[in-house]
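This briefing is intended to be read alongside the sequence and the coordinates. Please keep both in view while going through the points.

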Amino acid sequence: MERYRTRKLLLALTAASGLLLTACSGGADSSGGSKAADRDGYSAPSRGDDLSEQEDDRRENPRHLSTFALDVDTASYDYARRSLADGRFPDPSTVRPEEFVNSFRQDYERPDGDGFSVTVDGARTDDEDWSLVRVGLATRTEERAGERPPAALTFVIDVSGSMAEPGRLDLAQESLAVMTDRLRDDDSVALVAFSDEAETVLPMTRLDGNRDEIHDAIAELETRNSTNLGAGVETGYEQAVEGLREGATNRVVLVSDALANTGDTDADAILERISGERREHGITLFGVGVGSDYGDALMENLADKGDGHTVYVSDPGEARKVFCEQLPRHIDLTARDAKAQVAFDPGTVEEFHLIGYDNRRVADEDFRDDRVDGGEVGPGHTVTALYAVRTEPGAEGHLATATVRWLDPDTRDPHEESGDLETDALHDSLRDAPSRFQVTAVAAYFADALRSGGDGIPGAPRGFGELADRARALADRTGDGAVDELAEAVEQAARRRG
């Protein structure tokens, strides 16, 4: 943790210029790190506060808030595991810590109805005055199958030449076939295939009485030429609008290795072509990545800007879980444009850093601007944000308030929920924290080690070997298969690093 100790010294040496630096920071996004300002106005202003007072507060204390759009993606973690299993480290640019953290079950209290519960807890680390603070947001549990609205799903399937590799198109076909048998009779599916061009293989079709026809359309998919992903997404949205069902959850599901090489290959350009359909009808995009070579950046951008999320699958077990369990279970939405804002108390917090969410940062002043995109979240989801927080020496009292804001999926009415953390609620060490908190920390440490060498988060273990020991101990203690997979991945990294 030399980096953090060095920063402590630099803060002392530069204290005299702090006011000047604060004045120059203006309205810049402060989520990446800050030196807390005066105590006045530490919390997120309530909707009833005078707007002019809020703006004065932000100008005076511009660096005590952290704001981001919610994200339930997990593709980065699963692709990293695939890379390590194949004997190579993932490209650091594909490692997104929030997707590692959000890949694990949490024990947050669930709300009774739509919306979120907010849990804020933390633990001190071995680095002096540094703690890890966890902000946990949870939606209600999944509804029973008969209670959710019907679904209208448009599957956009990549049939380009690269999808011929085992574990790509064959995996998608097998999973779609099983899912077809598990969807309800009142659900509908459409099928669009694309290579150098896109075509509708199956228009929107009710499952009831048509399962054999759907199975045949899936089985007849075969690989062809190049990858015109833009044409596939555009045709998929056209088909989704044509088959739009009122009162149903309408969603486009893109299955691809995202190695676009024909037509539009830029996420912004692709999404601009279907922006009207997305905004008018609220059709979200769910990205499923496949393949040992995978266009991670394109798929992530498409899903983030398409109001959806991404997963990555590499074997039949993962594919069945995504298509046959997660997708049918999470068809419904409980929140649109969900954002979180964490207000750190300047009286107790000297510095803070949001770990990950680099592509999901939102300007602090846009937290309550409902025209600004947030994240779409369904039932059964949890969202976790982990912060490195440096407290004032000997500080006691209020530490942080976390607020989540979202729009009702049907009425678009805004709602908010908040949670608080006091310094005396911090666990004395990570070892004293609950097991699920420790899993969160190990996942974040692992991502940081893969991305930047492992010295960017307080309390980090010394190398992959020590981290592997922690992960294995947690796997044994929790008996959780997902944590066992995490331990195996860290052990693979340790062996490769030698």
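The paragraphs and points below cover overall content, nonpolar cores, helix packing and selected local features.

This is a predicted model, in which local features need pLDDT of at least 70 and side-chain atom pairs count only at pLDDT 80 or more, while totals for chains, interfaces and linings use all residues. Residues are numbered from 1 along each chain as its sequence is written, and side-chain values use heavy atoms, with hydrogens and water left out. The protein contains 15 helices and 16 strands; helices (H or I, at least four residues) and strands (E, at least two) are DSSP runs numbered from the N terminus.

**Overall content**

- Of the 498 residues, 58% are buried, where buried means under 20% relative accessible area, exposed over 50% and partly exposed in between (1.4 Å probe, protein chains only).
- Among contacts (heavy atoms within 4.5 Å) with a separation of 6 or more, 79% join residues 24 or more positions apart.

**Nonpolar cores**

- A nonpolar core is a set of buried Ala, Val, Leu, Ile, Met, Phe, Trp, Tyr and Cys residues joined through side-chain atoms within 4.5 Å.
- The largest such core has 39 residues, and F100, L132, Y445, F446, F464 and V490 have the most contacts inside it.
- At least two residues of this core come from each of α4 (75-85), α5 (97-101), α13 (435-452), α14 (463-478) and α15 (481-497).
- With 11 residues, α13 provides the largest share of this core.
- Beyond its neighbours within four places in sequence, F464 contacts F89, F446, A449, L450, V490, A493, A494 and R497.
- Another core, of 35 residues, lies apart from it and includes V255, F286, V290 and F323.
- In soluble globular proteins, nonpolar side chains tend to be buried together.

- Axes are lines fitted to C-alpha atoms, for helices over the stretch in contact, and angles run from 0 to 180 degrees between N-to-C directions.
- Angles under 35 degrees count as roughly parallel, over 145 as roughly antiparallel, 65 to 115 as roughly perpendicular and the rest as oblique.
- A crossing is left-handed if the near helix is turned anticlockwise from the far one by less than a right angle, and right-handed if clockwise.
- The axes of α14 and α15 come within 8 Å and cross at roughly 160°; these two helices are therefore roughly antiparallel, and their crossing is left-handed.
- In that pair, F464, G465, L467, A468, A471, R472, L474, A475 and T478 of α14 meet V483, D484, A487, E488, V490, E491, A493, A494 and R497 of α15.
- For α13 and α14, the axes come within 10 Å and cross at roughly 150°, which makes the two helices roughly antiparallel; this crossing is left-handed.
- The axes of α13 and α15 come within 11 Å and cross at roughly 30°, making α13 roughly parallel to α15, again with a left-handed crossing.
- R436, V439, V442, A443 and F446 are the α13 residues that meet V483, L486, A489, V490 and A493 in α15.

**Enclosed helices**

- In α4, 10 of the 11 residues are buried, so the helix is largely enclosed by the rest of the structure.
- Just after α4, G87 adopts a positive phi of about 90°.
- Helix α11 (residues 296-305) has seven of its 10 residues buried, so it too is largely enclosed by the rest of the structure.
- Those buried residues of α11 pack against α5, α8 (229-242), β8 (249-256), α9 (267-272), β9 (284-289) and β10 (309-312).
- Following α11, D307 has a positive phi, near 60°.

**V383 in strand β14**

- V383 belongs to β14 (residues 382-391) and is buried, with a relative accessible area of 2%.
- Although V383 and L70 are 313 residues apart in sequence, their C-alpha atoms are 7.0 Å apart in space.
- Not counting residues up to four places away in sequence, V383 touches L70, D71, V72, N102, Y108, V135, G136, L137 and Y357.
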